[in-house]
Amino acid sequence: MADDTLLDKVHDLSDLELAILLCLVSREHGLLSTPARAIDDLIQELQLVARKTFGLKCAVVDCTPDTTLEDFASALLSPPKAPASSPSLPTRSDSYFVSSPHRPSRGSSSPLAVVPPPPQIAHCVLAKNLDRAPRAVQIQALELLRTRRIFTRTSVQTAPKQFVFVPVLEAESGGEAHVTAHLNDFFSIAHWHEPQDGFVNLEDTDVGEADETASTGSVVTSKPPLISETDISQLAQLSQQVQVDVDVVRYQMNIVSFLRMHRAVAKGITPAATKHFDKLMRCLAPLHKLDYVTPALVGLAARKVYLHRIRITTPEKERSMQWGSKLEAVEAMLEDVGPEEVIEDVLDMVTAPL
């Protein structure tokens, strides 16, 4: 059971912070979306969330149809911290480690050269408008998530242990935000952010700091992060100890089955989604001070896991058309139906265990 101090901090988090926390706890990745007018504010808010809430270095990849593989790979890298200047240390002239061909006279001192570390993949990568990037770039992103490494012209870069990759997309609704099919299925959760819900960290930050964050992706942090890596590890360990009753498992599987058979759903539901569904249920339990999964947590997980995965069928391909349904009736049935409506419809149809 997580301690009350940690849970108090978790319960004070905004929805965006909770979305990133769930990705870090589950060691998965998530997809965020918002209307076009708010995407720049959302990017700045997420940069502040990464830095202030979780103490993560952040990189923003601004994707366009002209983005190349090299552009994408280089944008992932976070510049290293400048090495602190150190005083010159005396070195014996007859030392084995002195490599200079001209040895200084005995008793003289030689400064040690400080070599800056190479840039590394940032802990938090925000891929703005990744859906607009060429298919090759999106496949490269999938390869990064699968192997946790990426090849550049000069080196092989490996993702850090604490790593989260978040596409931030413009969309009219959460169900319309998605990327290339195989990459899309790799993202565990999706979250739609309404601009009316505000940007907590951005509103609390003075203009100068916000501008610096937007331009550099990081600001010198004077305070420790609100949620430390130790806290995240503790929540992850607790999630692995969560129990799931057989009736709750049956409820979960019924939801999956009803989603696959729903008349409005095209191309079904993938097995990867079911795995993410199970993991998210367990990760949610410790955040609610529980060591077991409740039906309410199952419903909450379903809304997050399937939002970006469900595709709405066209009236011509709706399955009842094979049995003589009228096209006009099917069009009326599918009107204004999106992934959000499908999920709520299924949750209403499936009876939750008492």
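Two strands count as paired if DSSP finds at least two bridges between them. Helices (H or I, at least four residues) and strands (E, at least two) are DSSP runs, numbered from the N terminus. The model shown is predicted: local features need pLDDT of at least 70, side-chain atom pairs count only at pLDDT 80 or more, and totals for chains, interfaces and linings use all residues. Residues are numbered from 1 along each chain as its sequence is written, and side-chain values use heavy atoms, with hydrogens and water left out.

**View 1. An open sheet of 5 strands.** The strand order is β2-β5-β8-β1-β9, and the pairing is parallel. β2 (58-62) and β9 (189-192) stand at the edges with a single partner strand each, so one side of each has no neighbour in the sheet. On average, neighbouring strands of this sheet are turned by 20° against each other, direction ignored; axes are lines fitted to C-alpha atoms, for helices over the stretch in contact, and angles run from 0 to 180 degrees between N-to-C directions. Gly 30 has Ile 189 of β9 as its bridge partner.

**View 2. Strand β5 and its two partners.** All 5 of the 5 residues of β5 (residues 124-128) are buried, so the strand is largely enclosed by the rest of the structure. Buried means under 20% relative accessible area, exposed over 50%, and partly exposed in between (1.4 Å probe, protein chains only). In a regular strand the side chains alternate between the two faces of the sheet. In β5, one side carries Cys 124, Leu 126 and Lys 128 and the other Val 125 and Ala 127, and both faces are covered. β2 runs parallel to β5 and is joined to it by 5 bridges, with Val 61 opposite Ala 127. β5 also pairs with strand β8 (residues 164-170) in the parallel sense, over 5 bridges; here Leu 126 has Val 166 as its bridge partner.

**View 3. Two residues of helix α11.** Pro 271 lies in helix α11 (residues 271-287) and, at 58% relative accessibility, counts as exposed. The C-alpha atoms of Pro 271 and Asp 185 are separated by 9.6 Å, although the two residues are 86 residues apart along the chain. His 276 is also in α11, but at 10% relative accessibility this residue counts as buried. Leaving aside residues up to four places away in sequence, His 276 touches Glu 28, Asp 185, Phe 186, Phe 187, Ser 188, Val 305 and Arg 309; contact means heavy atoms within 4.5 Å.

**View 4. Helix α12 against helix α14.** Helix α12 (residues 295-305) packs with helix α14 (residues 339-349) at an angle of about 155°, their axes 10 Å apart. The pair is therefore roughly antiparallel; angles under 35 degrees count as roughly parallel, over 145 as roughly antiparallel, 65 to 115 as roughly perpendicular and the rest as oblique. Gly 299, Ala 302 and Arg 303 of α12 make the contact with Ile 343, Glu 344 and Leu 347 of α14.

**View 5. Helix α10 against helix α12.** The axes of helix α10 (residues 246-261) and α12 come within 10 Å and cross at roughly 25°. That makes the two helices roughly parallel. Val 248, Tyr 251, Gln 252 and Ile 255 in α10 meet Pro 295, Val 298 and Ala 302 in α12.
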